Amino acid sequence: MGKTSDLTAVQKTIIDTLHKEGKTQKVIAKEAGCSQSSVSKHINRQAKGRKKCGRKKCTSSRDNRTLQRIVTTNPFKNVGEIHKEWTAAGVSASRTTTRRLMKDMGFRCRIPCVKPLLNKKQRKKRLAWAKDKKDWTDAEWSKVMFSDESKFCISFGNQGPRVWRKSGEAQNPRCMRSSVKFPPSVMVWGAMSSAGVGPLCFLRSRVNAAVYQEVLEHFMLPAADQLYGDADFTFQQDLAPAHSAKTTSTWLKDHGIPVLDWPANSPDLNPIENLWGIVKRRMQYARPNNAEELKTTIRATWALKTPEQCHRLIESMPRRITAVIEAKGAPTKY
């Protein structure tokens, strides 16, 4: 037999119903499965209109709206800064109360997403590209070899400032950050298809057209042989200056490599970006001491990626294209 506060919602409903029917407290206690004193206290509490006990709230609805406006206006402030601004507005509350109320409002401290800025022309081209490719089948996408460069840092802990946001606001522009300075790192070129991953190339210098053509010669062609053999394939690359240079286009034509047309500033359409993310998350607890150890860790982690994982990423292409069409060319969650 518990106290009044221990009554379940079902027990309280039974007590209220039987009390309205004029049943005695003894009968009600027997039916609800609780003590008669619990029944009496619950009935008296309901009669007095007392919903719950506890200390009166130290903030008003107006104070809470002020707090929500402060967080919404600048979601990148930490709790201390938000609390200082809130109390400066005349509110008397502790820092713990500030954090609790922010949590009650639905705000959570998260790492902000980073998305490329797209102008109107780029969004229009992305939308046209997506509409052109919306009927492509999985078999057609499996013939595409996706490629990209990615930067790997020796320290994976530098993720920048956090942001206060509510559920579903990850893609809200005000909750996203620009790029931050990175610790010492290495740049890597890689390729993948639904058949698996190709060999990695660690870039030692700034990638210009000449350097990129060497990458194509010594790493892209071997990757194509490994992943496709004698079968036909289409090569995907983004519109980086080295990729779109005339000499690079000539090199690809001379080697008979068909290239997939690609919209500018569209990493969300490239499944290898997700594969890079998987590799980096797998490496988040690694602590390489220098660039060579970092390269060794990257190679080992990259080699663990299976054809099944790559195939699942390639299968997401129709969903990515649908998302771009629905967003009218704007960046998507991918």
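This is a predicted model: local features need pLDDT of at least 70, side-chain atom pairs count only at pLDDT 80 or more; totals for chains, interfaces and linings use all residues.
Me: Which residues of α15 are buried?
Reply: In helix α15 (residues 317-326) they are M317, R320, I321, A323 and V324. Buried means under 20% relative accessible area, exposed over 50%, and partly exposed in between (1.4 Å probe, protein chains only). Helices (H or I, at least four residues) and strands (E, at least two) are DSSP runs, numbered from the N terminus.

Me: Why are they on the same side of α15?
Reply: Because they cover an arc of only 160° around the axis, the arc being that of the directions from the helix axis to the C-beta atoms.

Me: What covers them?
Reply: The cover includes α7 (120-133), α8 (138-141), β2 (144-153), α12 (271-282) and α14 (307-315). Contact means heavy atoms within 4.5 Å.

Me: And what follows α15?
Reply: K328, with a positive phi near 55°.

Me: New topic. Where is R165?
Reply: In strand β3 (residues 163-165). R165 is buried and has no salt bridge, a salt bridge being a side-chain nitrogen of Lys or Arg within 4 Å of a carboxyl oxygen of Asp or Glu.

Me: Which side chain of opposite charge is nearest to R165?
Reply: E169, 6.6 Å away. For charge, Lys and Arg count as positive and Asp and Glu as negative; His and the chain ends are not counted.

Me: What does R165 touch?
Reply: Leaving out residues up to four places away in sequence, R165 touches G106, F107, R108, R110, I111, P112, C113, A170 and C175. A polar atom of the R165 side chain lies 3.3 Å from the backbone oxygen of I111.

Me: How many aromatic pairs are there?
Reply: The whole structure has 8. Rings of Phe, Tyr and Trp (its six-membered ring) pair if their centres lie within 6.5 Å; planes under 30 degrees apart count as stacked, over 60 as edge-to-face and the rest as tilted. One of the pairs is F146 with W262, edge-to-face at 6.4 Å centre to centre and 75° between the planes.

Me: Which parts does that pair tie together?
Reply: F146 lies in strand β2 and W262 in the loop between α11 (246-254) and α12, so the pair links parts 116 residues apart in sequence. F146 is buried at 0% relative accessibility, and W262 is buried at 8%.

Me: How many salt bridges?
Reply: A search of the whole structure gives 8. Among them, R100 pairs with D104, the closest N and O atoms being 3.7 Å apart. These two are 4 residues apart in helix α6 (residues 95-104), about one helical turn. R100 is partly exposed at 44% relative accessibility, and D104 is exposed at 55%.

Me: Is K295 buried or exposed?
Reply: Buried, with a relative accessible area of 15%. K295 forms a salt bridge with E292 (3.6 Å, N to O), and E292 is exposed at 51% relative accessibility. Elsewhere, salt bridges that share partners join D132, K133 and D261 into one network.

Methods. Residues are numbered from 1 along each chain as its sequence is written. Side-chain values use heavy atoms; hydrogens and water are left out. A polar contact is a pair of N or O atoms within 3.5 Å; within protein, one must be able to donate a hydrogen and the other to accept it, and residues adjacent in sequence count only if both atoms are side-chain atoms.
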